[in-house]
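Dear colleague,

Please find below the structure that I am handing over to you.

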Amino acid sequence: MADRDAALHAWLDQVLEGAPFLLTSASADASFRRYLRVHLDDRTLIAMDAPPEHEDCGRFARLARRLREAGLNAPGVHAAAIEQGFLLLDDLGERPYLQVLDETNADRLYGEAMDALLTLQTAVATDDLPRYDAAFLGRELGLFRDWFLERHLGRAPDAATTALLDALDRVLIDSALEQPQVCVHRDYHSRNLMWLAADNPGVLDFQDAVLGPLTYDLVSLLRDAYISWPEARVEGWALDFRRHALARGVLPAASAGGRDPAQFLRWFDLMGVQRHLKVCGIFARLALRDGKRQYLDDLPRVLDALRTVAARHPELAGLARLLDGL
């Protein structure tokens with residue numbers, strides 16, 4: 001870390017042409033990236049340190065440009081040293097959605113976030129994005145078995161549990177793949193959306209974007225691992241999104257979810273199960289492998305969301321039983 005600190009300081013001194021600056025921590029990250037706020041006399045910027053053996057900051061820079069060209073408020077890139085893993089970015093502030101959301105502003109803030117999401121889904125080119133295909137979705141579901149059940153809970157799945165999870169995976173993957181396929185941010189939630197007085201929201205952490213299911217980012221936003229809302233309110237927001245998606249053409253009227261609001265909500269629910277099972281595995285891995293045990297504090301919220309959805313879909317009865325036994 002000392003070597004990277006020295007290299008980052010040297011690079012910033014060069015790109016800022018010797019202007020004096022002060023570095024402070026801007027945010028922690030669940031990956032190997034770290035972000036530092038660069039304080040100058042007249043403004044602040046953000047320095048990203050993404051060790052190239054672990055991260056590809058070049059992809060972040062390319063996608064940032066693509067999102068901005070589509071009209072989204074992603075950070076501009078002022079300078080890049082791709083081989084070293086350094087970027088100098090716009091500073092989108094210090095107030096993520098998670099810090100400002102409350103009962104009085106949630107309708108407006110989620111409305112703005114869903115409008116930005118529709119722009120992401122309709123205006124961002126996807127030709128070269130990885131596909132969120134059956135293999136990709138299945139690898140993510142495997143995190144629940146490997147990291148949450150076996151390593152975190154110490155419960156290696158027996159034959160019956162393995163068969164149950166195999167059947168569940170098929171249901172979840174089939175539901176995901178029958179949806180319209182769009183640009184998917186993959187972490188579109190309250191810690192990665194910044195509250196701004198103008199051009200809200202600021203959009204961060206988009207470097208893992210893929211071509212995938214329409215409802216993935218929507219459920220990331222509305223059934224967030226870090227904040228929860230009453231189910232009736234979540235359903236209302238999801239149906240508002242559906243109406244706008246139909247109007248914008250991202251949800252074809254002839255599709256199953258376009259014809260039937262109940263089918264759209266089924267897509268939304270099952271996509272949320274896939275995401276939350278993955279999140280259980282990721283949070284366990286962050287704690288066990290990376291020593292970031294603070295993520296375990298959010299596991300009860302994730303498990304509650306899984307139990308709520310599993311209880312209302314007959315095809316998730318096996319999952320409901322599994323969760324009841326944890």
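Is the crossing of α5 and α6 left-handed or right-handed? The crossing of these two helices is right-handed, a term used when the near helix is turned clockwise from the far one by less than a right angle, left-handed being the anticlockwise case.

Before the details, please note that this is a predicted model, in which local features need pLDDT of at least 70 and side-chain atom pairs count only at pLDDT 80 or more, while totals for chains, interfaces and linings use all residues. Residues are numbered from 1 along each chain as its sequence is written, and side-chain values use heavy atoms, with hydrogens and water left out.

The protein chain contains 12 helices and 9 strands; these are DSSP runs numbered from the N terminus (helices: H or I, at least four residues; strands: E, at least two). Its radius of gyration is 20 Å, close to the 20 Å that the globule rule gives for 326 residues, so the chain is as compact as a globular protein of that length. The radius is taken over C-alpha atoms, and the rule is 2.2 Å times the number of residues to the power 0.38. The C-alpha trace spans about 65 × 45 × 40 Å along its principal axes.

To return to the helix pair, the axes of α5 (residues 134–152) and α6 (residues 159–177) come within 10 Å and cross at roughly 145° (axes are lines fitted to C-alpha atoms over the stretch in contact, with angles from 0 to 180 degrees between N-to-C directions). Residues in contact (heavy atoms within 4.5 Å) include L141, F144 and R145 of α5 and L165 and D169 of α6. By class, this contact has 10 nonpolar, 2 polar and 3 charged residues.

The count comes to 1 cavity of 30 Å³ or more, and about 30 Å³ of space lies in the largest cavity. A cavity is a set of points on a 1 Å grid over the protein atoms alone where a 1.4 Å probe fits but cannot get out; a pocket is an open set with protein on both sides within 12 Å along at least five of seven lines, and lining residues have an atom within 4 Å of a point. The largest cavity is lined by L141, F144, R145, L165, L168, D169 and L277, and the elements giving two or more residues to this lining are α5 and α6.

The second largest pocket has a volume of about 160 Å³, volume being the space filled by probe spheres set on the points, which are joined across faces, edges and corners. Of its 13 lining residues, R223, S228, W229, E231 and A305 are the closest to its centre. The largest share of the lining, 4 residues, comes from α11.

Two backbone features remain. A cis peptide bond joins N200 and P201, with omega about 0°; P201 is found in the loop between β7 (193–194) and β8 (202–203). E17 has a positive phi of about 55° although it is not a glycine.

Yours sincerely

Technical notes
Ala, Val, Leu, Ile, Met, Phe, Trp, Tyr, Cys and Pro count as nonpolar, Asp, Glu, Lys and Arg as charged, and the others, Gly among them, as polar.
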